[in-house]
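Here are my notes on the model, point by point. Please read them with the structure open.

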Amino acid sequence: MGLLSEGSPLTWDETKALAQHVREHGIEQFINLFARLKDRQGDVLKWGDEVEYIIVRFDDKQRAVQVSLRAQEILAKLNEKEAADPQGVKSLWRPEYGAYMIEGTPGKPYGGLLAHFNVVEANMRYRRMEVAALLPENEFVMSITSFPRLGCPRFTFPPAVPTPDDEACAARSNFFPDEAIFPGHPRFKTLTRNIRQRRGEKVSINLPIYPDRDTKTPVEGSIPSHPSHVHMDAMGFGMGCCCLQLTFQACNISEARTLYDQLTPMCPIMLALTAASPAYRGFLTDVDCRWNVISASVDCRTREERGEEPLKNDRFRIYKSRYDSIDSYLSPAGEKYNDVPLVLDETLYKRLREGDIDHLLAQHIAHLFIRDSVSLFSEKVHQNDREDTDHFENIQSTNWQTMRFKPPPPNSPIGWRVEFRPCEAQLTDFENAAIVCFVVLLTRVILSYQLDFLIPISKVDENMQNSQKRGAVLTERFWFKKNITAIPPEEGRADGAASQAEQRQNGTADEAATSEAPADEYELMTIDQIINGKGTFPGLVPLINSYLGSMDVDADTHCTIQQYLKLIQKRASGELMTTASWIRQQVVSHPEYKHDSVISEGNCYDLLRKAKDIQDGVLACPELIGNNINSKTTDNIPAAIEKHLTKRC
């Protein structure tokens with residue numbers, strides 16, 4: 001979830017009083033870090049996945065299912081292995097927002113060998129089994145994006161009741177009790193309380209109800225301004241969802257900026273393709289994804305910042321939540337596609353430029369730093385700006401965007417990194433591994449073939465909203481670059497002269513002299529066309545297969561990758577369902593369902609029982625993952641392959 005500083009959390013009033021201190025020192029820390037590491041070269045490709053899981057408890061007698069608030073207890077046991085042998089563990093475990101959630105990653109990052117793609121699924125399976133071994137017989141670990149009855153009566157075990165009138169509570173929610181927030185680190189409740197207090201009121205999440213024959217309005221628990229919407233009022237409804245994320249290490253800062261930009265247009269595509277969360281607070285909604293739910297769940301903007309009142313006490317009109325899609329590209333090639341006016345702190349921007357930070361990166365950082373810190377620890381107030389980066393990371397890590405540009409940590413062997421954050425968690429390790437391997441392979445193809453996915457930021461924003469609609473993968477069209485294999489003329493100069501974009505990055509050209517992207521560079525496409533191709537557009541999977549055809553891939557890895565790519569292709573074409581469509585179908589076809597958009601306890605129990613059987617391989621689900629799934633995934637790369645390929649590299 002981000003930086004987990006240790007210490008004593010400050011109150012919101014204390015944190016607010018130090019907001020400018022954190023911003024100014026965070027900028028100095030970044031300037032110093034950049035000066036040390038901007039010329040760092042030669043880091044090898046390393047990458048890894050992060051899967052968030054929910055612990056669920058089945059009550060077979062009552063035909064009920066709940067989230068189990070055992071994460072702290074389970075994590076303590078899981079972390080014993082890491083403490084005893086930090087370099088030898090196969091998995092790492094970290095807390096997440098919910099007291100019922102845990103986050104698992106590989107023990108070590110994967111590398112540049114293609115054979116690493118054959119290890120991902122096996123490691124995910126190992127993680128699941130590792131947690132399962134610590135649970136009682138009626139509790140299970142599941143990679144579901146949203147628990148369908150989160151916020152309903154009796155949704156936790158042990159039972160907990162919301163206390164909205166208790167001023168000591170962090171959330172003060174009508175539906176989500178504080179007991180469901182992870183208790184083992186003060187950051188989570190501190191964030192919850194401070195976001196609510198900074199906003200001046202509880203967060204307000206409102207999703208359109210799925211309109212069925214007997215759906216009642218106003219929806220139970222809705223607010224007067226949104227009678228046909230499912231209302232939620234706590235950070236836990238968003239941050240209590242699970243996702244699948246990837247982090248890549250680039251060879252240098254330039255490559256990291258290129259990957260950051262080129263993957264940005266893929267964020268809405270992958271969000272729609274991995275859609276897995278149509279149910280919230282016991283209702284079917286008319287959306288398929290969690291993104292806007294999380295965005296609203298941490299929206300700490302005041303009424304002035306949201307544009308509902310004239311600016312008087314606040315500094316900026318801020319157009320998005322701190323959890324949203326990115327607002328600007330970072331590479332010279334992306335500059336002309338930055339067509340959305342960027343709200344930034346001009347004073348901090350000027351200081352960054354004085355600190356030898358180029359225009360594009362300076363405006364990115366100055367834009368992130370229009371936000372206040374929403375969690376601060378007394379022990380971290382005073383820092384050495386030449387050595388520490390906690391103030392920078394405090395604000396950087398609470399700008400939760402579709403992509404994250406990550407500088408190397410101080411005094412670390414880790415290089416410049418990029419985090420890809422939009423994907424939803426899938427039911428099975430096979431599906432999650434397929435998504436991970438597809439995105440990682442795409443980064444290799446982008447760099448090897450110099451692909452160009454760049455479209456205007458405004459079009460990416462439009463795609464992000466469309467990607468969350470019900471059935472978007474089949475019914476919506478998305479703006480995408482027509483010719484992704486063409487290198488922009490100014491980027492392909494052979495005369496050694498600095499391009500205009502390079503001059504702007506180096507500060508030697510007029511920053512205002514930015515050309516606009518021609519409208520005929522991009523068009524509306526279906527996800528099927530983007531993934532599988534159409535006409536002269538090659539399609540992303542065919543490009544990946546072309547890349548693989550030029551590589552030396554062992555038979556088992558090739559077999560596994562092909563099964564993963566077929567899953568992606570069939571989800572894109574509609575031959576296979578998205579997880580969201582499958583969940584919706586299960587709910588509406590259940591004998592207890594009354595065509596009223598309500599998910600009863602029994603309906604939810606049967607849904608998750610079936611999902612558990614599918615994840616465990618007990619029940620086939622050809623409509624979701626296809627037939628004859630038999631990937632050749634293995635726990636380790638064969639020694640002969642690793643030795644042979646390492647020599648060749």
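1. Aromatic pairs first. Rings of Phe, Tyr and Trp (its six-membered ring) pair if their centres lie within 6.5 Å; planes under 30 degrees apart count as stacked, over 60 as edge-to-face and the rest as tilted. On that rule, a search of the whole structure returns 24 aromatic pairs. In one of them, F30 and F34, the ring centres are 6.0 Å apart and the planes meet at 35°, so this pair is tilted.

2. Ground rules. The model is predicted, so local features need pLDDT of at least 70 and side-chain atom pairs count only at pLDDT 80 or more, while totals for chains, interfaces and linings use all residues. Residues are numbered from 1 along each chain as its sequence is written, and side-chain values use heavy atoms, with hydrogens and water left out.

3. Where does the F30 and F34 pair sit? Both residues belong to helix α2 (residues 19–37), 4 residues apart, which puts about one helical turn between them. Helices (H or I, at least four residues) and strands (E, at least two) are DSSP runs, numbered from the N terminus. An α-helix has 3.6 residues a turn, so residues three or four places apart point the same way. F30 is buried at 1% relative accessible area, and F34 is buried at 7%. Here buried means under 20% relative accessible area, exposed over 50%, and partly exposed in between (1.4 Å probe, protein chains only). Ring pairs also tie F30 and F34 into a cluster with Y260, F369, F392, F405 and W416.

4. Helix α2 as a whole. Its 19 residues reach 27 Å from first C-alpha to last, close to the 27 Å expected at 1.5 Å a residue. The expected span is 1.5 Å times one less than the number of residues. Buried residues of α2 include A19, V22, R23, G26, I27 and Q29. The buried residues of α2 pack against α1 (12–17), α7 (253–263), α10 (346–354), α11 (359–368) and α12 (390–396).

5. Charges over rings. The test asks for NZ of Lys or CZ of Arg within 6 Å of the ring centre and within 35 degrees of the ring normal. The charged end of R281 sits over the ring of F175, 4.2 Å from the centre. K612 does likewise with F140, its charged end being 4.5 Å from the ring centre.

6. Strand β4 (residues 101–106). Why call it enclosed? 6 of its 6 residues are buried, so the rest of the structure largely encloses β4. Two strands pair if DSSP finds at least two bridges between them. Strand β1 (residues 46–59) pairs with β4 in the antiparallel sense over 4 bridges, with V51 opposite G104. Strand β3 (residues 91–95) also runs antiparallel to β4, over 5 bridges, and L92 has T105 as its bridge partner. A hairpin of 5 residues joins β3 to β4.

7. Strand β2 (residues 64–68). This strand is mostly covered, with 5 of its 5 residues buried. It is joined to β1 by 4 antiparallel bridges, and R57 stands opposite Q66. The hairpin of β1 and β2 has 4 residues between the strands, and R63 takes a positive phi near 50° there. With β6 the pairing of β2 is parallel, over 2 bridges; V67 stands opposite T156.

8. Cysteines. How many disulfides does the structure hold? It holds 0, a disulfide being a pair of cysteine sulfur atoms within 2.5 Å. The sulfur of C169 is 19 Å from the closest cysteine sulfur, in C152, too far for a bond. For C289 the closest is in C423, at 10 Å, also too far for a bond. C169 is buried at 9% relative accessible area, and C289 is buried at 2%.

9. A buried loop residue. I181 lies in the loop between β6 (156–157) and α5 (186–199). I181 is buried, with a relative accessible area of 1%. Leaving out residues up to four places away in sequence, I181 touches Y97, G98, A99, F176, F188, K189 and T192, where contact means heavy atoms within 4.5 Å. The C-alpha atoms of I181 and C242 are separated by 14 Å, with the two residues 61 apart along the chain.
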